[in-house]
Amino acid sequence: MSSVLEPIFEGANSGARGVATPITVAPGDGIGPEITEAVLQILQAAGAQIAPEFVEVGERVYRSGNTSGIPEEAWASIDRTGVLLKGPITTPQGGGYKSLNVTMRKTLGLYANVRPCRSWKPVVSSRHPDMDVVIIRENEEDLYAGIEHRQTEDVAQCLKLITRKGSERIIRYAFEYARTQNRQRVTCMVKDNIMKITDGLFHRVFEEVAAEYPQIETNVQIIDFGMANFVHRPESYDVIVLPNLYGDILSDVAAQMTGSVGMGGSINIGNGGALFEAIHGSAPDLARNVANPSGLLLAGVEMLRHIGQHDVAARVMNAWLATLEDGVHTVDIASKQTQQKVGTREFAAAVIARLGRVPESFTAAEATAAAEPMRLPHTHETVVEAAEKKLVGVDVFVDWRQGSTEQLAAALQAATPANGLKLVMITNRGVKVWPQGNPKTLCTDHWRCRFQGEDVSHTQVVALLGAVAAAGLDFIKTEHLYTFDGQAGYSLGQGQ
Ligand code: NAD
């Protein structure tokens with residue numbers, strides 16, 4: 001499609017300028033078009049070899065009846081280029097509209113969200129002036145798989161999925177990022193003291209991958225302590241890798257701690273493409289030449305590195321740092337250091353005027369190996385010998401509000417066929433209530449009834465379920481109990 005921004009790049013990347021890399025540009029809503037224009041002007045002036053294809057996504061597309069906010073032409077362009085520079089979009093209020101970012105992440109398999117969060121002292125005041133951390137968040141799994149069910153009157157559940165492949169991919173990405181970007185330490189945050197199987201898997205894979213990078217320091221922290229410590233001493237962290245939900249929260253906390261939402265860029269990357277954007281939203285109230293284009297510009301710098309244009313990336317970065325140092329600031333970062341308060345367009349012009357300069361107090365960016373592309377060979381995957389998997393029982397979840405725990409146990413025992421499976425435990429909300437429960441335990445209508453046996457077959461399980469149904473008990477789901485090389489692949493009941 002055509003865009004009002006198209007003239008900025010008219011002829012800029014054709015013919016004599018060599019081979020330009022096609023990229024898709026979605027200016028977005030609110031301040032999106034202004035900051036996108038500012039960024040493209042800077043990139044062009046710095047000599048970026050890019051050929052933008054402009055597409056429209058966001059509010060107007062949503063309002064035209066497309067609930068994803070992304071039209072076919074946009075998908076076609078992203079498929080062609082594999083690189084999207086995106087302005088923020090406005091999500092219309094009210095139901096029915098899907099999150100555009102979630103749709104893009106899932107459709108394109110953008111499994112890694114990379115968010116560099118650093119303070120820009122002394123330009124932007126922050127309580128954490130020495131913070132310089134990169135949060136790497138797994139983007140597709142965990143509680144975001146979107147598998148939710150309401151199962152009884154009282155109880156709803158959301159499935160937390162952690163996979164070995166997904167964990168290895170994001171953790172390896174974090175280590176490769178650290179290696180190529182000259183970072184010294186990778187921290188993993190999990191909650192495997194509670195979620196021993198799911199977060200335990202993420203932790204285990206972290207240890208396995210870490211062993212391949214002996215030159216990089218590593219540590220693992222429990223997320224609650226880790227996040228509290230991060231807020232207290234962010235300067236002691238370097239790269240942090242986390243499963244989806246923890247990463248979602250920490251990356252927003254970290255971005256706020258830098259002192260300005262206008263100065264953060266974000267990358268979503270995977271084998272199906274890469275999406276570069278600012279961390280902030282469309283701020284419609286600022287769409288009058290006052291917004292700070294720095295967040296999208298930093299995302300643009302990462303995009304240049306991604307497509308291998310390190311020299312241009314370094315030139316842009318250094319001119320931007322020199323602009324900040326000279327006290328040319330947009331209103332959101334204005335302080336005692338400010339010499340000149342400027343609008344979006346004037347800020348872009350100031351950066352362009354400083355192309356070729358290097359900063360004096362900030363460390364200058366270099367177009368060296370330290371800025372290698374983050375386009376990684378994701379083909380590497382540890383081959384793990386399949387464990388011996390054995391079925392040893394089944395958890396039958398029952399919706400029950402007709403009587404006491406003892407009555408439920410008696411009804412289940414009466415229904416159990418004599419086929420080798422035996423009722424061994426009932427839990428409610430994960431707490432063991434039979435045998436020998438505590439009368440103080442709060443019970444809902446959602447009971448996990450565990451049946452175990454030796455060398456259990458599917459036929460035995462089906463016979464058990466048939467008998468339970470025939471007894472008039474409402475079973476609402478089952479989970480098989482497997483051992484893997486003799487190790488239980490299921491949690492025990494608390495209190496067991
Ligand atoms: P917002 O980020 O747009 O604004 C939050 C605050 O930060 C406002 O005070 C705003 O003025 C300020 N701000 C944001 N960007 C700035 C910039 N570049 N320079 C200076 N100040 C800036 O968040 P919001 O108001 O909650 O959301 C507005 C819209 O953006 C909503 O429709 C929301 O759904 C959408 N949104 C989109 C994205 C995205 O596209 N990735 C992300 C977040 C929010």
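At 14% relative accessibility, asparagine 289 counts as buried, where buried means under 20% relative accessible area, exposed over 50% and partly exposed in between (1.4 Å probe, protein chains only). This is a predicted model, so to speak for local features a residue needs pLDDT of at least 70, side-chain atom pairs count only at pLDDT 80 or more, and totals for chains, interfaces and linings use all residues. Residues are numbered from 1 along each chain as its sequence is written, and side-chain values use heavy atoms, with hydrogens and water left out.

**Domains**

- The protein chain splits into domain 1 (1-108 + 258-369), domain 2 (127-255) and domain 3 (389-488), with bounds that come from an automatic or database domain assignment.
- Between the C-alpha centres of domain 1 and domain 3 there are 55 Å.

- As background, most residues other than glycine have a negative phi, and most peptide bonds are trans.
- Asparagine 289 goes against that with a positive phi of about 60°, although it is not a glycine.
- You'll find asparagine 289 in the loop between strand E12 (273-278) and helix H9 (294-306); helices (H or I, at least four residues) and strands (E, at least two) are DSSP runs, numbered from the N terminus.
- Asparagine 182 also has a positive phi, near 60°, and sits in the loop between helix H5 (164-180) and strand E8 (185-190).
- With a relative accessible area of 53%, asparagine 182 is exposed, whereas asparagine 289 is buried.
- Lysine 121 and proline 122 are joined by a cis peptide bond, omega about 0°, and proline 122 belongs to the loop between strand E4 (112-118) and strand E5 (132-138).
- Another cis bond runs from tryptophan 434 to proline 435, with omega near -5°; here proline 435 is in the loop between strand E17 (431-434) and strand E18 (446-452).

**Around the ligand**

- The ligand has 18 residues around it, the closest being Ile89, Gly281, Ser282, Ala283 and Asn292; a residue counts as near if one of its heavy atoms lies within 4 Å.
- By class, that shell holds 7 nonpolar, 7 polar and 4 charged residues, taking Ala, Val, Leu, Ile, Met, Phe, Trp, Tyr, Cys and Pro as nonpolar, Asp, Glu, Lys and Arg as charged, and the others, Gly among them, as polar.
- A ligand oxygen is 3.3 Å from an N or O atom in the side chain of lysine 86.
- Taken alone, the ligand exposes 810 Å², and the protein buries 63% of that (Shrake-Rupley method, 1.4 Å probe).

**Asparagine 292**

- This residue is in the loop between E12 and H9, and asparagine 292 is buried at 5% relative accessible area.
- Its side chain makes polar contacts with the side chains of serine 294 (2.6 Å) and aspartate 332 (3.1 Å); a polar contact is a pair of N or O atoms within 3.5 Å, where within protein one must be able to donate a hydrogen and the other to accept it, and residues adjacent in sequence count only if both atoms are side-chain atoms.
- Leaving out residues up to four places away in sequence, asparagine 292 touches Ile35, Gly262, Met263, His280, Thr330, Asp332 and Ile333 (contact means heavy atoms within 4.5 Å).

**Alanine 112**

- Alanine 112 lies in strand E4 and is buried, at 0% relative accessibility.
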